[in-house]
Amino acid sequence: MTPNLVIPDPARLVSMSDDEVLDAQARLVAVRREIDRGLALVAAEVARRSDRERGHAGLAQRMGERTADRLVQRTAGVSAADARALVGAGAILTGASPWLAPVAAAVAEGTVGVAAAAAIGSGLGAPSSSVAADDLTDAAARLVVIAA
């Protein structure tokens, strides 16, 4: 559920109590996380449509960009790091890495932002012969608790 977006009047902010200021910030953070989740889902679709296998027929290439990250950066007006985080978090949200399900759930619930989700995903990496998927899932769950 997305809270109502209410942008505080700067003149009113100075007369608000500490609790009111912190409440206003918490409401805005909740809205931002919902918007960022939506942006991440769209970024994941941009990345899917820009897959390397599509070559020049891919969305990013057709739009004059080398990668999906660059297209997201340009079209969303965000930094390169933010674009990478949106694409990475979007991949997590769409289930591309099932071992990161606790991260996807936390983003969907609004307890973890997309930047933290992307950092957890890139930090943990993928299962391998030396790291099992269930071990990565356990680690992801622990990191979500820390990031929340």
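A crossing of two helices is called left-handed if the near helix is turned anticlockwise from the far one by less than a right angle, and right-handed if clockwise. Keep that in mind, we'll need it in a minute.

Okay, hi everyone. What you see is a predicted model, where local features need pLDDT of at least 70, side-chain atom pairs count only at pLDDT 80 or more, and totals for chains, interfaces and linings use all residues. Residues are numbered from 1 along each chain as its sequence is written, and side-chain values use heavy atoms, with hydrogens and water left out.

So, what's in it? The protein chain has eight helices and zero strands; helices here are DSSP runs of H or I with at least four residues, strands are E runs of at least two, and numbering starts at the N terminus. The C-alpha trace spans about 55 × 40 × 25 Å along its principal axes. Of the 148 residues, 30% are buried, meaning under 20% relative accessible area with a 1.4 Å probe, protein chains only.

Now, which way do α7 and α8 cross? Their crossing is right-handed. Helix α7 covers residues 114–124 and helix α8 residues 133–147, and they pack at an angle of about 150° with axes 11 Å apart. Those axes are lines fitted to C-alpha atoms over the stretch in contact, and angles run from 0 to 180 degrees between N-to-C directions.

And who touches whom? From α7, A116, I120 and L124 meet a group in α8 that includes L136, L143 and V144; contact means heavy atoms within 4.5 Å. Also in that α8 group are A139, A140 and A147. That's me done, thanks!

Key:
Buried < 20%, exposed > 50% of the residue type's maximum accessible area, 1.4 Å probe, protein only.
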